[in-house]
Amino acid sequence: MVYNSKLYAKVMAKLKFEPSLDESDITVAIKNKNGIDNIVVLGGKVGTYAEKQIAEEAVEKIESVRGVANEIEVDLSSINEKNDVDIAQAALNSLRWTVLIPHEKIKVAVEKGCITLVGEVEHYYQKNRAYDAVKNLPGVTYVINEINVLANISPVDVMDNIREEFERNARIDANNIQVEVEGSEVTLKGEVKSLDEYREAENAAWAVPGVTEVVTSQLFIR
């Protein structure tokens with residue numbers, strides 16, 4: 001059920017604006033939580049997993065959106081459908097040819113188009129780049145990223161690096177976010193003004209070497 005017609009119109013316009021997305025079979029619903037129109041539910045079908053991710057990322061950038069539930073299905077046509085062996089080989093090649101990824105430390109498993117990545121890396125950006133390297137391959141229906149990030153920095157250094165990055169980033173109000181570090185786990189607390197700022201703060205914390213987990217359950221969008 002659509003509770004907010006203005007937000008619904010914004011979401012539909014944003015999806016239509018994306019040049020690499022065919023939004024014709026995507027459905028949108030705005031759910032009400034605690035009296036506030038804030039959750040966008042994406043449904044329907046797209047032809048690739050990449051389009052599913054593009055749709056979610058596009059909607060997250062809308063200021064009034066407080067959350068996105070991505071229930072879009074990837075419906076592969078005969079043109080895009082590939083067997084699991086071909087997808088696994090393509091994934092390994094993509095990892096091998098993508099710079100800054102220690103591909104020799106990453107293993108790939110594929111089942112019915114779903115890629116699972118496992119292994120260990122030293123930095124979160126390497127885990128993220130591995131995901132990006134395989135998500136757009138033909139025939140992929142989903143990507144599960146189980147790559148572990150090794151902890152190799154002191155908690156004090158982690159906290160200092162995160163606070164400095166928050167202060168450098170124009171999209172983050174550092175004064176409204178508290179940072180707590182226990183071991184290699186980072187907890188962010190406080191308030192942000194949009195889902196976009198929420199993601200930016202989360203990504204900034206993940207960018208620090210040695211961080212293995214970022215907890216955002218106490219970081220709220222006001």
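Q: A nonpolar core is a set of buried Ala, Val, Leu, Ile, Met, Phe, Trp, Tyr and Cys residues joined through side-chain atoms within 4.5 Å. Which residues have the most contacts inside the largest nonpolar core?
A: This is a predicted model, in which local features need pLDDT of at least 70, side-chain atom pairs count only at pLDDT 80 or more, and totals for chains, interfaces and linings use all residues. Residues are numbered from 1 along each chain as its sequence is written, and side-chain values use heavy atoms, with hydrogens and water left out. Buried means under 20% relative accessible area, exposed over 50%, and partly exposed in between (1.4 Å probe, protein chains only). The largest nonpolar core has 58 residues, and those with the most contacts inside it are L15, L42, L117, V134, F166, V186 and L188.

Q: What gives the most to this core?
A: Helices (H or I, at least four residues) and strands (E, at least two) are DSSP runs, numbered from the N terminus. With six residues, the element that gives the most to this core is α6.

Q: What is the hand of the crossover from β9 to β10?
A: A crossover is right-handed if, with the strands pointing away from the viewer, the path from the first strand over the helix to the second runs clockwise. Here the chain leaves β9, passes through helix α6 (residues 195-206) and reaches β10, and this β-α-β crossover is right-handed.

Q: Which residue of β9 is the bridge partner of I177?
A: Residue I177 belongs to β8, which spans 177-182 and pairs with β9. Its bridge partner in β9 is G190.

Q: Which helix touches β5, β6 and β7?
A: The other three-strand open sheet has the order β5-β6-β7 and mixed pairing. Its edges are β5 (106-111) and β7 (142-149), each with a single partner strand, so one side of each lacks a neighbour in the sheet. Six bridges join β5 to β6 (residues 114-121), which run antiparallel. The helix that packs on this sheet at about 160° to β7, touching β5, β6 and β7, is α4 (residues 124-135).

Q: Is S94 buried or exposed?
A: S94 lies in helix α3. Beyond its neighbours within four places in sequence, S94 is in contact with A133, V134 and L137. Its relative accessible area is 17%, so S94 is buried.

Q: How far is the backbone oxygen of A133 from a polar atom of the side chain of S94?
A: A polar contact is a pair of N or O atoms within 3.5 Å; within protein, one must be able to donate a hydrogen and the other to accept it, and residues adjacent in sequence count only if both atoms are side-chain atoms. Between the backbone oxygen of A133 and a polar atom of the S94 side chain, the distance is 2.5 Å.

Q: What is the phi of K112?
A: Most residues other than glycine have a negative phi. K112 sits in the loop between β5 and β6 and, at 73% relative accessibility, counts as exposed. Although K112 is not a glycine, its phi is positive, at about 55°.

Terms used. Pairing = 2+ DSSP bridges. Contact = heavy atoms within 4.5 Å. Axes fitted to C-alpha atoms, helices over the stretch in contact; angles between N-to-C directions.
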